[in-house]
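Please keep the sequence and the coordinates at hand while reading.

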Amino acid sequence: MSFQKAADLLRLAELATARYLGVSLTEIEEEFGVDRRTAQRMTKALEEMFPHCITRVDDERRKFWKLRADDARLMLAQGIRDSELAALELAIRRAEREGLATEVRALSGLRDRLLAAMPGPHARRAEADAEAVLEAHGFASRPGPRVRIGPDLMGVIGAALKGPHVLTVVYAGGRDPDRARRLEPHGLLLGTRRYLVAREAGGDGRMQHYRLDRITSARLEADSFARDPAFDLSTHAARAFGSFHTDAEYGEVVWRFSPAAAATARDFLFHPTQEMTEEADGSLTVRFTASGHLEMAWHLYMWGDAVEVLAPEPLRAMVDRHRRGDFPALP
């Protein structure tokens with residue numbers, strides 16, 4: 001068996017141990033980028049290497065392979081790798097910068113337990129290697145400006161989302177800023193500004209956005225609620241370029257980047273629905289469907305005169321007088 005196959009088998013044992021139901025052939029295909037026949041060979045090898053491997057078939061006739069933790073001692077003996085510890089440290093530092101106190105405590109506790117379970121010399125080596133990886137990356141958090149959000153607020157919202165529980169907030173916005181609102185939270189939109197996506201309890205069921213920096217108080221209620229089964233946060237978020245949504249601006253957006261900027265623009269994911277077209281003159285046309293003209297204008301300003309808005313017309317008029325040709329670099 002090659003080293004890579006051995007590593008893949010150990011990784012498969014990790015998945016079979018960590019997942020409550022075990023691991024299926026479809027999940028193996030996705031995790032390792034293999035076809036069905038290779039996935040089947042991997043499960044056969046798993047059964048041979050771990051004789052106590054348990055298999056089961058669910059109601060949809062999908063087969064799962066499951067290992068108990070005490071049957072995977074070889075896999076557990078690997079400990080924590082330096083790359084895994086570095087990724088965990090990066091997550092902790094990002095959470096610290098974002099003011100997510102609850103996540104910082106949870107991730108720090110996980111890191112400490114993992115290190116405590118390792119022999120001393122191995123733990124110290126992993127910590128030293130992880131620090132070197134962090135230095136090589138050159139960053140440990142997302143740079144740039146952000147709006148300050150109280151850590152207590154994020155903790156309350158996080159608990160409400162996990163429940164799910166009703167959240168009572170006082171919101172310094174809208175036509176009735178002092179009114180206490182009972183909200184049923186469905187998600188968060190994170191951008192330059194952060195928004196809570198929620199519907200009012202007992203309301204019309206329409207999802208609304210609440211800026212976190214305008215929530216002056218929040219209280220977690222004991223009442224639970226049923227999430228809207230038709231609501232998908234990713235689909236909802238894709239209706240906007242950034243975090244601001246408005247149906248009045250929703251529609252096709254078309255930008256054309258100059259030949260000099262095309263290579264740089266090609267590396268960007270401007271929107272999940274984008275389509276890129278290479279033009280004969282070397283320019284690049286990007287099309288997607290979204291709303292939020294102001295956030296688009298903020299982003300387009302960084303490109304100076306290297307981008308032209310072809311549609312929609314209101315966005316083209318918004319940015320036309322602010323296109324500059326003296327920026328020394330592209331984004």
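## The loop between helix 3 and strand 2

Phe-50 sits in the loop that runs between helix 3 (36-49) and strand 2 (54-57). The model is a predicted one, and in it Phe-50 has a relative accessibility of 7%, so that this residue counts as buried, the limit being under 20%. Computed along the sequence is not the whole picture here, since Phe-50 and Ala-13 are separated by 37 residues in sequence but by 8.6 Å in space, C-alpha to C-alpha.His-52 belongs to the loop between helix 3 and strand 2 as well, but His-52 is exposed, because its relative accessible area of 52% lies over the 50% limit. From His-52 to Leu-67 the separation is 15 residues in sequence, and the C-alpha atoms of the two are 7.2 Å apart in space.

Ser-24 is part of strand 1, which covers residues 23-24. With a relative accessible area of 7%, Ser-24 is buried. When residues up to four places away in sequence are left out, Ser-24 touches Lys-63 and Phe-64.

Arg-61 is located in the loop between strand 2 and strand 3 (63-66). Its relative accessible area is 75%, and Arg-61 is therefore exposed. The backbone of Arg-61 deserves a separate remark, as its phi is near 65 degrees, a positive value in a residue other than glycine.

## Two cis peptide bonds

The peptide bond leading from Gly-163 to Pro-164 is cis, and its omega is near -10 degrees. Pro-164 is found in the loop between helix 8 (151-162) and strand 4 (165-171), and Gly-163 lies in the loop between helix 8 and strand 4 too. Is Gly-163 buried, exposed or partly exposed? Its relative accessibility is 42%, so Gly-163 counts as partly exposed, a class that lies between the limits of 20% and 50%. Gly-163 and Leu-220 are 57 residues apart in sequence, while the distance between their C-alpha atoms in space is 9.9 Å.

A cis peptide bond is also present from Ala-311 to Pro-312, with omega near 0 degrees. Pro-312 is placed in the loop between strand 12 and helix 12.

## Helix 11 and what covers it

Helix 11 spans residues 293-301, and its buried residues are His-293, Glu-295, Met-296, Ala-297, His-299 and Leu-300. The cover over these buried residues includes strand 9 (251-257), strand 11 (284-290), strand 12 (307-311) and helix 12 (313-320).

## The largest pocket

The largest pocket holds about 900 Å³ of space. Its lining is made up of 31 residues, and those closest to the centre of the pocket are Tyr-195, Gln-208, His-209, Phe-244 and His-245. Strand 6 (195-200), strand 7 (208-211) and helix 11 are the elements that give two or more residues to this lining.

Which element gives the most to the lining of the largest pocket? It is strand 7, with 4 residues. Sorted by class, the lining of the largest pocket contains 8 nonpolar, 11 polar and 12 charged residues.

## The chain as a whole

The secondary structure of the protein chain consists of 12 helices and 12 strands. Of its 331 residues, 37% count as buried, and the accessible surface of the chain comes to about 19500 Å², with 52% of it belonging to carbon and sulfur atoms. Where contacts join residues at least 6 apart in sequence, 57% of them are between residues at least 24 apart.

## Confidence in the model

Averaged over the protein chain, the pLDDT is 84, and 85% of the residues score at least 70. Confidence is lowest in helix 4 (residues 73-76), where the mean is 52, and highest in strand 9, where it is 98. Over residues 135-141 the pLDDT is below 50, and this stretch has 9 contacts in the model beyond near neighbours in sequence. Where pLDDT is low, the predicted coordinates should not be read in detail.

Key: Residues are numbered from 1 along each chain as its sequence is written. This is a predicted model: local features need pLDDT of at least 70, side-chain atom pairs count only at pLDDT 80 or more; totals for chains, interfaces and linings use all residues. Side-chain values use heavy atoms; hydrogens and water are left out. Buried means under 20% relative accessible area, exposed over 50%, partly exposed in between (1.4 Å probe, protein chains only). Contact means heavy atoms within 4.5 Å. Accessible areas come from the Shrake-Rupley method with a 1.4 Å probe; for residues, only the protein chains shown count as cover. On a 1 Å grid over the protein atoms alone, a cavity is a set of points where a 1.4 Å probe fits but cannot get out, and a pocket is an open set with protein on both sides within 12 Å along at least five of seven lines; lining residues have an atom within 4 Å of a point. Grid points are joined across faces, edges and corners, and a volume is the space filled by probe spheres set on the points. Ala, Val, Leu, Ile, Met, Phe, Trp, Tyr, Cys and Pro count as nonpolar, Asp, Glu, Lys and Arg as charged, and the others, Gly among them, as polar. pLDDT is the predictor's confidence in each residue, from 0 to 100.
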